[in-house]
Structures are given as structure tokens and as C-alpha cells.
Amino acid sequence: MPDRPEIVCICGSTRFVDEMSAANRDLTFAGVIVVAPGVFVRAEDREAGESITDEQKTALDALHLSKIDLADRVLVVNPGGYIGESTSREIAYARATGKPISFTDPS
């Protein structure tokens with residue numbers, strides 16, 4: 001038995017905030033430590049004039065790779081099999097570092 005709970009990093013498009021939240025809740029109730037994106041800028045937020053700068057996006061992307069480093073495994077939230085550019089990069093990083101990866105939907 002491990003000396004700490006399993007740590008899972010949730011990856012996926014931030015357009016799936018509701019699905020990520022549900023996965024986070026389910027994993028947490030299962031006794032898992034969850035690390036996940038902390039900033040969600042949706043299309044409707046951008047239309048309302050809320051956005052992040054390119055510098056902020058770059059910093060958030062780097063921070064998320066560090067979250068993958070902390071995790072024992074990665075869960076990709078990909079409704080309908082959707083995997084975008086950032087998520088593809090995160091999957092490649094997780095594979096390169098030897099992290100087990102699972103998906104919520106077949107891709």
C-alpha cells in the first residue's frame with residue numbers, strides 16, 4: 001500500500017470545464033489527489049473581452065507540464081474523442097516521461 005494517495009493530472013481542452021470538474025469530483029471521492037488546469041477561458045469569456053495574454057498562456061502551459069511531473073498518471077478528458085493541440089502536446093510530454101495515460105472517451 002502506498003504511503004500517500006494516488007495523484008492524477010487531468011488534461012484536456014478547457015472548453016470541457018464541466019466534464020473536467022465532474023472527473024475531478026469523481027476522482028476526489030475515490031481518494032485521489034487531483035491536479036488540473038486552474039484557469040478556464042471559454043469562447044464566451046473571450047467574446048465578453050476576457051482573455052489571457054500570450055505570456056500567460058505560455059506560463060500556464062509550462063505550469064501544467066509541471067503538474068504532469070507531479071502526477072502518478074494522467075487522465076485525458078476528451079468528450080467525443082476530441083484532443084486539441086495543447087492536449088496533444090501534454091499527452092506527448094506525459095508519454096515521454098513515462099506516465100500512464102487514460103482517456104474518458106475513445107479517441
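A residue is classed as buried under 20% relative accessible area, as exposed over 50%, and as partly exposed in between. By this criterion, 32% of the 107 residues of the protein count as buried in the predicted model. Leu63, at 45% relative accessibility, therefore counts as partly exposed. This residue lies in helix H3, which spans residues 54–70. Together with Val39, Ile52 and Leu60, Leu63 makes a nonpolar surface patch of about 280 Å². For the protein, the accessible surface comes to about 6600 Å², and carbon and sulfur atoms account for 53% of that area.

The secondary structure consists of four helices and four strands, arranged along the sequence in the pattern β-α-β-α-α-β-α-β. Among contacts with a separation of 6 or more, 77% are between residues 24 or more positions apart.

The largest nonpolar core comprises eleven residues, namely Val8, Ile10, Phe16, Met20, Ala23, Leu27, Val32, Val34, Ala36, Leu75 and Val77. Two or more residues of this core are given by each of strand S1 (7–11) and helix H1 (17–29). Helix H1 gives the most, with three residues. A second, separate core contains ten residues, including Ile7, Val35, Ala71 and Ala94.

Definitions and conventions: Residues numbered from 1 in each chain as written. Predicted model: local features only at pLDDT ≥ 70, side-chain atom pairs only at ≥ 80, totals over all residues. Heavy atoms only, no water. Core = buried A, V, L, I, M, F, W, Y, C linked by side-chain atoms within 4.5 Å. Buried < 20%, exposed > 50% of the residue type's maximum accessible area, 1.4 Å probe, protein only. Patch = residues over 30% accessible without salt bridge, like charges linked within 9 Å, V, L, I, M, F, W, Y side chains within 5 Å. Areas by Shrake-Rupley, 256 points an atom, 1.4 Å probe, with all protein chains shown as cover. Salt bridge = Lys/Arg side-chain N within 4 Å of Asp/Glu carboxyl O. Contact = heavy atoms within 4.5 Å.
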